[in-house]
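Q: I would like to learn how to read a few features of a protein model. Could we take them one at a time?

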Amino acid sequence: MLFSSIVFLGFFLPVVLIVYYVIPSIKYRNCVLLVSSLLFYAWGEPKFVLLMIISIIFNFSMGIFISERKSRKKILIFSIIVNLIVLFIFKYLGFTCEIINVFINSLHLRPLTVLNLILPIGISFYTFQEISYLVDVYRNPGLVQKNVLNLGLYITFFPQLIAGPIVRYHDINNQIESRKETISDFSKGLERFIIGLSKKVILANNFALVCDTIYDSSFTSYGTLAAWIAAISYALQIYYDFSGYSDMAIGIAKLFGFDLLENFNYPYSASSITDFWKRWHISLTNFFRDYVYIPLGGNRKGKARTVLNRFFVFLLTGLWHGASFNFIFWGLAHGTSMVLERQTKINERKNVILRIGYRVFTIFVIIFLWVLFRNETKETVKIWLKMLGINYHKFLSSVHKDKVLPLMFFYVDTKFYILTFFGLIFSFPWWKKISFLKEKFVAVKVIKCICLVILLWICFSFLASNTYNPFIYFRF
């Protein structure tokens, strides 16, 4: 079930809110949220609800053992391995078999059977949350959850279940057992939800339509301009899609009295690749930093070990996004960029022109790497060449050169350019520096409320007309 669907907006969320606020006790309110979360998950993946329930019971038991037994470290390692094995089977087993088959075929042996298992929605997100719980209990046994329903709520909480942000246990454990819902928080949550919904429905979906139309066309049917339009469209699509879902998750959680941490901070305003990863998917970056990079030694064991640790973390970052070589190369490319920045310290230079130039260079690197994220590796190389104005067929003399369409009006219209304008300007936090936009003025509050109502009406209009509504992060 998508947040940006009529079923969720018109039925599921209103019903859950009504039932939740009718019940006075936080204990039973948690039960309402747990049942609602399981129903929310069952809407899209009913057969995997049992897997999630087994996962909850397993991690609940392991948490108790870790907090009470002497061999705590062995139990922690065992429980993390079990969680990762489940993730591996569903997400990486087929990819691993394909790699092994390459070597088997070279030896003329019988290849392995590749199992095409259906990927449970959100498994990467809730697996990391389970690991977070186990590690937090190991570090502080007093955090152990003695109520299996409360742990189940932490793992399945529907606002962040399928697209994050990745919520670490120590950031939310107290809120599960004690929180206060207020009218102020409810209104802030509703505002945040509408903004996130607008990002997704008005901006991300329209950028997706343009991007997918171009990339799904024959490679020889579009030229350099189209390649750039597709690349920029995808960069805006993935930002507004993912940050929009994070905004909706944070907003919905606030409706129920929960405060989730921010997941995006205007990443396209980053001054470097390092700065980009402090602003993009912050919950994932922090997870790998605290549970992988620092335990491996971080930057405390010499330059060579630091570089190795960073490459390993970004290898995992790429693999987390998908079982494919393009994700691996995407992660390693970002890791390489960060290592080069640290070695050259180019992003720390005081010259204003150099800093501005490096900001521009950074955004171009990010856009080029999003092309790799979106497409298979071989296709990416051809698209990169086309973006640089190089004809790929020059490298293949035996291939017939097809005619490229001279016009772009087949792919885009005036609406696209208008949305691109708004997409670009709202990618940067310029509006925070304008004093007259501060909410201390009554007129600003009134105008903001009017704008939110208009945005909500536009979103419902788009959804009612069956507008193109893909969701990138279902596969993660």
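Q: In which helix do aspartate 275 and arginine 279 lie, and how many residues apart are they?

A: A word on the source comes before the case. This is a predicted model, in which local features need pLDDT of at least 70 and side-chain atom pairs count only at pLDDT 80 or more, while totals for chains, interfaces and linings use all residues. Residues are numbered from 1 along each chain as its sequence is written, and side-chain values use heavy atoms, with hydrogens and water left out. Helices are DSSP runs (H or I, at least four residues), numbered from the N terminus. Aspartate 275 and arginine 279 both lie in helix α11 (residues 273–279), 4 residues apart, about one turn of the helix.

Q: What do aspartate 275 and arginine 279 form, and how far apart are the closest N and O atoms?

A: Side chains of opposite charge can pair when their charged atoms come close. A salt bridge is a side-chain nitrogen of Lys or Arg within 4 Å of a carboxyl oxygen of Asp or Glu. Aspartate 275 and arginine 279 form one, with the closest N and O atoms 3.1 Å apart. The structure holds 15 salt bridges.

Q: Does aspartate 275 count as buried or exposed?

A: Buried means under 20% relative accessible area, exposed over 50%, and partly exposed in between (1.4 Å probe, protein chains only). Aspartate 275 has 15% relative accessibility, so it counts as buried.

Q: Which parts does the salt bridge of arginine 374 and aspartate 212 tie together?

A: The side chains of arginine 374 and aspartate 212 meet at 3.0 Å, N to O. Arginine 374 lies in helix α15 (residues 352–374) and aspartate 212 in helix α9 (residues 183–215), so the pair ties together parts that are 162 residues apart in sequence. Aspartate 212 counts as buried because its relative accessibility is 12%.

Q: Where is arginine 168, and which residues does it contact beyond its neighbours within four places in sequence?

A: Arginine 168 is in the loop between α7 and α8. Contact means heavy atoms within 4.5 Å. Leaving aside neighbours within four places in sequence, arginine 168 is in contact with Ser132, Asp136, Tyr154, Asn286, Arg289, Asp290 and Tyr291. Arginine 168 also forms a salt bridge with aspartate 171, whose closest N and O atoms are 3.7 Å apart. Arginine 168 counts as buried at 10% relative accessibility, whereas aspartate 171 counts as partly exposed at 29%. Salt bridges that share partners join Arg168, Asp171, Arg289 and Asp290 into one network.

Q: Why does the end-to-end distance of helix α2 agree with its length?

A: The expected span of a helix is 1.5 Å times one less than its number of residues. Helix α2 (residues 26–44) has 19 residues and should span 27 Å; its end C-alpha atoms are 28 Å apart, which agrees. The buried residues of α2 pack against α1 (6–22), α3 (49–68), α6 (123–139), α7 (148–156) and α8 (169–177).

Q: What does the side chain of serine 37 reach?

A: A polar contact is a pair of N or O atoms within 3.5 Å; within protein, one must be able to donate a hydrogen and the other to accept it, and residues adjacent in sequence count only if both atoms are side-chain atoms. Serine 37 lies in helix α2, and its side chain reaches the backbone oxygen of leucine 33 at 2.7 Å. At 0% relative accessibility, serine 37 counts as buried.

Note on methods:
Helices (H or I, at least four residues) and strands (E, at least two) are DSSP runs, numbered from the N terminus.
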